[in-house]
Amino acid sequence: MSQQTVSSSENNEEVEDRMLERVAAALEVSKEGIKNFSEDAVINIINNTFNDFKDSASAINYNCDLNFNPLDKVVELYERLVQAEKDKVEYLERLMKDK
């Protein structure tokens with residue numbers, strides 16, 4: 001579909017059935033779904049879905065500590081990086097001794 005066709009359709013009061021069918025097919029929705037589209041309905045569905053997800057998530061025990069200190073995590077990560085560098089240096093030193 002060209003930009004000119006899209007612009008022409010956007011400027012019309014009503015979209016031709018043939019064009020509406022093409023758009024519906026491209027979006028994999030029904031033609032009636034597009035005709036009956038309502039922003040309020042979509043927002044309502046999104047809110048309900050989010051609330052259902054939130055309720056489900058709170059019902060699941062993730063077995064993780066949600067009360068952690070971010071600074072402790074940064075220190076832990078830094079210590080792991082330092083240890084990885086030490087291990088790499090040790091490995092390279094062994095390689096050099098073997099030659």
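This note sets out, point by point, what may be read from the structure above.

1. The structure is a predicted model. Across the chain, the mean pLDDT is 78, and 84% of the residues reach a score of at least 70.

2. Confidence by element. Among the elements of the chain, helix 5 (residues 70–98) has the highest mean pLDDT, 87. The lowest mean, 73, belongs to helix 4 (residues 39–59). Where pLDDT is low, the coordinates of a prediction should not be read in detail.

3. Secondary structure. The chain contains five helices and zero strands. Read from the N terminus, the order of its elements is therefore written α-α-α-α-α.

4. Burial and surface. The chain has 99 residues, and 5% of them count as buried. The term "buried" applies here to residues with under 20% relative accessible area. The accessible surface of the chain amounts to about 9500 Å², and carbon and sulfur atoms account for 54% of that surface.

5. The largest pocket. How much space lies in the largest pocket? The value is about 160 Å³. The lining is made up of 10 residues, and those closest to the centre of the pocket are Ser-9, Glu-10, Val-15, Met-19 and Val-23. Helix 1 (3–11) and helix 2 (17–27) are the elements that each give two or more residues to this lining.

6. Sorted by class, the residues that line the largest pocket comprise seven nonpolar, two polar and one charged.

Terms used. Residues numbered from 1 in each chain as written. Predicted model: local features only at pLDDT ≥ 70, side-chain atom pairs only at ≥ 80, totals over all residues. Heavy atoms only, no water. 1 Å grid on protein atoms, 1.4 Å probe; cavity = no way out; pocket = protein on both sides within 12 Å on 5 of 7 lines; lining within 4 Å. Points joined across faces, edges and corners; volume = space filled by probe spheres on them. Helix = DSSP H or I, 4+ residues; strand = E, 2+ residues; numbered from the N terminus. Nonpolar A, V, L, I, M, F, W, Y, C, P; charged D, E, K, R; others polar. pLDDT = per-residue confidence, 0-100. Buried < 20%, exposed > 50% of the residue type's maximum accessible area, 1.4 Å probe, protein only. Areas by Shrake-Rupley, 256 points an atom, 1.4 Å probe, with all protein chains shown as cover.
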